[in-house]
Amino acid sequence: MLLGTLVLGTMLVTATTALTSAAVAQDQLVTAPVTAYSLAREIHSLALVLPRDAGDGQPAASGAAVLLLEDLDGASFNPPIAADRRRLTYDEDWTQQVAIEPVELGDPAQPAADATAAGTLLRLTVTVLQGSTERGSYVWWMSP
Amino acid sequence: MLLGVLLLAVLVSTVCLGYARHVVIAASNAEAAVAVQQAEGAADSGLVWAKQSLLAAGDRTVRLNVGSNAQVAVNVVDNGSTLRTLTIQSSASGVTQAMEGSLETYATVADELPQLTSSARNAIVTHPAVVDVVGSQSFSATTLTGIIYLHNGAHLTLTDCIVAGTIVSQPALAGRWSPADCTTISLGGSIVIESDPALAGCSIVAPDAAVIGDGSEALQIRGCIVCDSLSLTGWGALHGQIASTSVPTLNRSIDLPGSGREPRAWPAALATGSERIGRVSFPRPVATPAQQAAIRTFVFPPDTP
């Protein structure tokens, strides 16, 4: 009886630990990469439709304050925002960090001096954090 | 009792292993799903690159990294005067995307002003009717015919004139100039500028020139204007396109018929060097009969535990 209880107890503890580990692994391996890329795409979709006009040069503090493409440069959104500038409150733990930089068309690794020249691309980089852990950094090129 | 415990142990172990397998498969699927979307994003970036390269008259073939873990290869091939074939191949984390499409383009102006083609330059040099303008020269109540040729640094003033030809500057012909070579064209009264048959569709080709109206000008300019700056405060109509280094200043009484609608072709005498994309099409690939037969007879490999 005692031996059976001991085996059963050990087994239940082991099973609970294994299932918890598997659940954590699922969150790390399955949910996190998909969520990270989805949040980055929300910023890309928003950036595509924003005017390229010059503003005050300051990054937006919230989604509602994003009116120009320039407002995204240097912005950090926590909770993250959707392409329609809504706050995604159910992903409160996540952060979108945005950088926009003009780069040379011939070598997009090099920064460009004139952001409005035809031989220039805009490089949009969205880094997505979960808590303080970086879950991914994604790049798109856009027309100036 | 012991048998019951063992049975329970087997049951719990099965549940744990099943869930762990689910996690492994789901992780693999998630990695592939993200890679597919990143490859799509890289292809999207490749299309943007092709669009900008056409505008900047840049390279037509390139292979570049989009961020740290995605690559894209772009190739644009001429397939007619305004038709291009675009091939994009992108990859991310081992997943590849490929697409081939057609681009319909039209000539436009980007960083550089349009330039005279070599045949247009020859036509100017050999033109039988050239009116040379040297220094400051004024014409009033007259009709000028042929090529009105502004030498370096010339100042042309037209008042109540008809130009049955084209105004061309020496810098336009040479393709280069210094600040001292720049010309000016002043307009007043009733002004009609058409175009010479040798430069059909071109009214003013002077990329160095400041074109200024004195406020009294009543304009009908039939062809396109290429100049450094354009400031017209009178009234009338500019029927052709305008290409200027600085943003033109036009009185709202000056009409721009045809402007702002669909793209208009530039005159054959001018080369813009830049193109914009009017239409993009990516035809759906159709499997060949052999591919269709191979799909029908494909046998999936057995699932390996």
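Start with helix α1 of chain B, residues 2-55. It has 54 residues, and from its first C-alpha to its last it reaches 79 Å, close to the 80 Å expected at 1.5 Å a residue. The expected span here is 1.5 Å times one less than the number of residues. Helices (H or I, at least four residues) and strands (E, at least two) are DSSP runs, numbered from the N terminus.

Some housekeeping. This is a predicted model, in which local features need pLDDT of at least 70, side-chain atom pairs count only at pLDDT 80 or more, and totals for chains, interfaces and linings use all residues. Residues are numbered from 1 along each chain as its sequence is written, and chains are lettered from A and ligands numbered from 1 in the order in which they are written.

Back to the helix. Gln37(B) lies in α1(B). Gln37(B) counts as partly exposed, because it has 19 C-beta neighbours inside 10 Å. The scale is this: with C-beta atoms placed from the backbone, a residue is buried if 20 or more other C-beta atoms lie within 10 Å of its own, exposed if 12 or fewer, and partly exposed in between. Gln37(B) is 54 residues from Ser91(B) in sequence, and their C-alpha atoms are 10.0 Å apart in space.

What comes just after α1(B)? There, Ala57(B) takes a positive phi of about 55°, although it is not a glycine. Its place is the loop between α1 and β1 (61-65) of chain B. Ala57(B) has 17 other C-beta atoms within 10 Å, so it is partly exposed. Ala141(B) also has a positive phi, about 50°, without being a glycine. Ala141(B) sits in the loop between β7 (136-140) and β8 (143-150) of chain B, and it is exposed, with 10 other C-beta atoms within 10 Å. For context, most residues other than glycine have a negative phi, and most peptide bonds are trans.

On the peptide bonds, Asn78(A) and Pro79(A) are joined by a cis one, with omega about 0°. Pro79(A) is in the loop between β1 and β2 of chain A.

Now the sheet in chain A. Four strands form an open sheet in the order β1-β2-β3-β4, with antiparallel pairing. At the edges stand β1 (76-77) and β4 (133-142) of chain A, each with a single partner strand, so one side of each has no neighbour in the sheet. α1(B) packs on this sheet and touches β3 (120-130) and β4 of chain A, its direction making about 30° with that of β4(A). Contact means C-beta atoms, placed from the backbone, within 7 Å. Axes are lines fitted to C-alpha atoms, for helices over the stretch in contact, and angles run from 0 to 180 degrees between N-to-C directions.

Strands pair if DSSP finds at least two bridges between them. β1(A) and β2(A), residues 94-104, are antiparallel over two bridges, and Phe77(A) stands opposite Gln96(A) in β2(A). Nine bridges join β3(A) to β4(A), with Leu124(A) opposite Trp140(A). These two strands form a hairpin with two residues between them, and Gly131(A) in the turn has a positive phi of about 65°.

Last, the cores. A nonpolar core is a set of buried Ala, Val, Leu, Ile, Met, Phe, Trp, Tyr and Cys residues joined through C-beta atoms within 7 Å. The largest has 50 residues, and Ala40(A) and Leu72(A) have the most contacts inside it. α1(B) gives the most to this core, with eleven residues. Leaving out residues up to four places away in sequence, Leu72(A) touches Ile43(A), Ala47(A), Ala60(A), Val66(A), Val98(A) and Ile100(A). A second, separate core of 45 residues includes Ile124(B), Ile148(B), Ala172(B) and Cys182(B).

Notes:
Contact = placed C-beta atoms within 7 Å.
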